[in-house]
Every structure is written in structure tokens, then in C-alpha cells.
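Open the model in your viewer and keep the selection panel at hand.

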Amino acid sequence: MKKRVPAIEGWFSLDTEKPHLLGSRCTSCKSYFFPKETLFCRNPGCAGREFEEVPLSRSGKVWSFTNNCYQPPPPYVSPDPFVPYAIAAVELEDEKMVVLGQVAAGTDASELKVGMPVELVLEKLFEDEECEYLVWKWKPVSQAEERSHV
Amino acid sequence: MSKEVAILGVGMHPWGKWGRNFVEYGIPACQDALKDAGIEWTDVQFVSGAETVRNGYPGFVSGATFAQALGWSGARVASSYAACASGATSMNAARAQILAGLCDVALVVGADTTPKGFLAPTSGDRPDDPDWLRFRLLGATNPTYFALYARRRMELYGATDKDFAKVKVKNSRHGLSNPNARYRKAFSEEQVLASPMVADPLRLLEICATSDGAAAVVLSSMEFARKRALDPVRVVAISTVTPKYPNTVIEMPNFATDSASSVPLPNAPFRDSIAAAAYEEAGIGPEELDLAEVYDLSSALELDWCEHIGLCKPGEAERLLNDGDTTIGGRIPVNPSGGLACFGEAVPAQAIAQVCELTWQLRGHAGERQVEGARVGLSVNQGLFGHGSAVIVRK
């Protein structure tokens, strides 16, 4: 089996069961950032320069979505032949921010709705001879699972 | 002190796709603008270039590239980059020089040559660049973002794919007689809806192409224009605002919005604030506009812009479109030039081209696409990485 490695270091935890995006939070004004801000707080009213790494909520609600029907150009590494896939913008309630992600394999854009609950999963983005490169994706939460979250 | 400057001359090179050096497009646009202004190149004291990032070093220093190509004259020079808003930024640089009394006459130019297909990030591995990463990790092209806005419009306001197609139909008719337009073909709603889906719900005929093209304007002080007994179209506002934190709309090329968890939302979202700043500067409101050129990167986005510039309330742009208000002959024609639907996008030239169109319209020189009695016009666009762009001109 190929080694599974993140397609980018430090953007998400590698917990395969319950992965989280890893953001940062200003220790002064408590603003969240994703990807991580580590130098200067972007809140214009805050002079904070210290940040803590925080796992972001791993579930949220669809803000909008689309289906990529044409193959994106490099540096996207596309399977051959290209298979259309969905992308969702997802609102995280606690962080009050919207985060993009591909939608998990097997979910068609036609199954998505604005406001639909989704959760974070890790899936293969692409592979080479040695490794599978993982990325975060949004996956619709089935109603049964949703109840169990409550 | 008046904050107005005169538009002495405008010029464009037609939009198309030839793959030639961008200077070949820019020089004829400059020459046309100078001729239109009735001045010589050597009268220009300041050259303001909108940069292109797809044409190597000469593109980065476009102001100097054009100054050299026109023949070194000792004119002062600057080049600006603000993605699609570069044209507005370079016009604003020229305006500032004029209003500060540092020069009387400035030439502003933007020209581009674009590759075929999706605009892609600058080449090379650059994992610190969000524009590179969004392609790498998401495959999020520009149409991906346009589609997110379009889908949200459908879900929030009940817009339909037919509404979006009608925008393309309208603009394709507007641009039919425009000699600078790349696409001069009237499309029907059926043809638009039969074109291939690119980024659901947006189809190929609803997403602007990438084009080659160039536009130039000659700006001067009002005093310089008056000495020549001219009654020029005037620039009365240029907005180049950035967003206010937190910006909670997902923008190219970002992965996430700002967080609104600890700071309250600003009074107006970013896109609303772009035109609002121009209205404030001009001391007018949207009800005084006779026409608008808006950035229809997609058909659906034109509807968003109609609302962002205050032509109607959120959710009402479909009604405006379907009532014919935004068609030439209607209450407030939008994109009489044909817009990006007929031009495609030549990034650094786009905001300048919008002002060329407004100028022709206000002079009454727009031929078959003339908006009768146009006296006040607004153009609006936005460049990725937080660049607002709006210009108000009046007669």
C-alpha cells in the first residue's frame, strides 16, 4: 500500500476518523484564520502578534456549491480521464467563516443544497508512484449521523 | 478645489485572440487616444501603465514599455497592478498626478495577451501563494468562484438558468455593432442553454473568455482642456477601495473568508462599498446614472453587480433584466458595449475599456448601441486580492 501523506503540511490533522482543518486564533482578539495566520493579526483594530493553532469545527452548512465540469489547469493534478467533481463553500458556525473544499467522491452537485449539513473527511487528491496525497473534502452528513451528532 | 479631470481622448485596439506581443495592441490604442485628444505624444507628461503579468518583464513595467515604444520623451512614468482593477488603479495614479498639479496631461494604457483556456497561476512551484494553491488543492478556477455566486443567487432569490441565459442574450445583442468587440453574434436563450456546462450552473456561453486587447485614455487637468475650448467628458470619481474586515464573502483566490467571530460586520459588504465610495466622491446616487458598464465575468455576476451598484435591491435584478430596464432603450442600460460577454477579459485593459465606452456614450458617438441622452455613467469591476474599481464620468 502506498504511503498516505498530506498534499500540504499543517493545514489539517491526519486523524482519518475525525479530521479537522487547522486554523490559527489571535490570542488577543480571538479572531480565527484559515489558512493559519502566524505573523500579524488581520483585524485592523488589533495589534496581536501571537497566535495559537486551533482545530476548526469539522462540520458546517453549505453556503454554495458548484460542479467543476472542465479539467482545471496545472498545478492541479487531474486523473486521466478527468472526472467532474463538486466544490462546496461551507459556513462554520462558531468561527463565522466560509471555507472551500472539494466535495467527497460519490456526491454529485445535484445532491447538494444551500444550508445542507456537511462534515470534513480526508480523501486522496492525487497520487504518484510512492504516495497518495490527501486533502480535506466536505461530505454531506446523512440524517441519521446528524441526529447522532446532537 | 475641483477633483475632476478631463477625458481628452480614448482609444482601443479590438479584442480578439491572436497571441501577438501585447505592445502591438497597446500602441495603436495609445495612438488613437492621442489623436482623439488632439495632442502629440510628446505633450504627454506622465505615462500610467496597467501591468500585465503574463508577458514577462515588459509587462511588469508596462508604463515604461509603452513610453519606450512610443519614443523616449522624458515623460514620467508609473506602472500599477491590481489584477482586473489595474486599469482603474492606473487611471487613479494619473488623476492624482494631475490633481496634485504635478502634470497637466497623462496617458493611461493597458494591454494584454492571454493564453488559451482558463487563466492559470504563474508557473513554478509556489506553495506560499494562495493563487497557486487554490489550483493545486482544489482545482478552483475563476469560473468555480463565479459559479458559487451564481448558485447562491439561485438558492437565495430563485434565479433560474433562463435568467442567466437572458443576460448573455441581451449583451450579445448590445455588442453586435461594436467594432471593438471580439464576439459579434446574437445568441438565443436556447443556444446559451445548449452550450456545455463549465461550472454548474454556468455554461460556456455565460463565462467570459480570456482575450487579447488594449485600451488607452488621455486625461488632463480641467484647465488644460478649457484652454483648448473643449467641453470634455469628465472623470468625477474613481474608487479603488479594498474590503473592510471582516470580509465574509469568499473571494478569488482565497480558501476561506475572514472570520466574523470577534469583529462585527462592516456597514456594507465589499462589493457594495466599491460603487458607494465612487458615489460619495461624485456626490451623486445610483438614481442619477444613465448607464453602467459592469464586470460580467459571468452572466449571473451581472445581476449581482446591478444590486451592488444600487440599481435595485438584492434579489430584484432578475426583474430589472426581465422588464427590459437594463437593455439599451430601457431605464438604465447595463453593458451597452456588450460587456465581457462580447469582449472577453483582457485583464489590464478592462477597466480602461469600460471608461472608453462610457466616454463614447456620453459624447453621443456610440452608433447603434447609443444610450440616448446619456450624461452620467458608472463603470465597476473588481480585481482579485481585494481590489475594488469604480469610475463615474459625466458630461
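Select the charged side chains of chain A. There are 17 positive and 23 negative charges, and their mean positions lie 4 Å apart. Lys and Arg count as positive, Asp and Glu as negative; His and the chain ends are not counted. Each charge is placed at NZ of Lys, CZ of Arg, CG of Asp or CD of Glu.

A word on the source. This is a predicted model: local features need pLDDT of at least 70, side-chain atom pairs count only at pLDDT 80 or more, and totals for chains, interfaces and linings use all residues. Residues are numbered from 1 along each chain as its sequence is written, chains are lettered from A and ligands numbered from 1 in the order in which they are written, and side-chain values use heavy atoms, without hydrogens and water.

Now show chain A as a cartoon. Look for one helix and nine strands. Helices (H or I, at least four residues) and strands (E, at least two) are DSSP runs, numbered from the N terminus. The order from the N terminus is β-β-β-β-β-β-β-β-β-α. The C-alpha trace spans about 50 × 40 × 30 Å along its principal axes.

Of the 150 residues in chain A, 51% are buried, meaning under 20% relative accessible area, with protein chains only as cover.

Next, pick Trp11(A) and Phe34(A). They form an edge-to-face aromatic pair, 5.4 Å centre to centre with 75° between the planes. Rings of Phe, Tyr and Trp (its six-membered ring) pair if their centres lie within 6.5 Å; planes under 30 degrees apart count as stacked, over 60 as edge-to-face and the rest as tilted. Trp11(A) sits in the loop between β1 and β2 of chain A, Phe34(A) in the loop between β3 and β4, 23 residues apart. Trp11(A) is buried at 11% relative accessibility, Phe34(A) at 5%.

Last stop: β7 of chain B, residues 212–221. Is this strand buried or exposed? Ten of its ten residues are buried, so the rest of the structure largely encloses β7(B). Strand β1(B), residues 5–16, pairs with β7(B) in the antiparallel sense over nine bridges. Strands pair if DSSP finds at least two bridges between them. Find Val5(B) opposite Ser221(B). Strand β4(B), residues 105–112, also runs antiparallel to β7(B), with eight bridges. There, Val109(B) has Ala216(B) as its bridge partner.

Conventions
Buried < 20%, exposed > 50% of the residue type's maximum accessible area, 1.4 Å probe, protein only.
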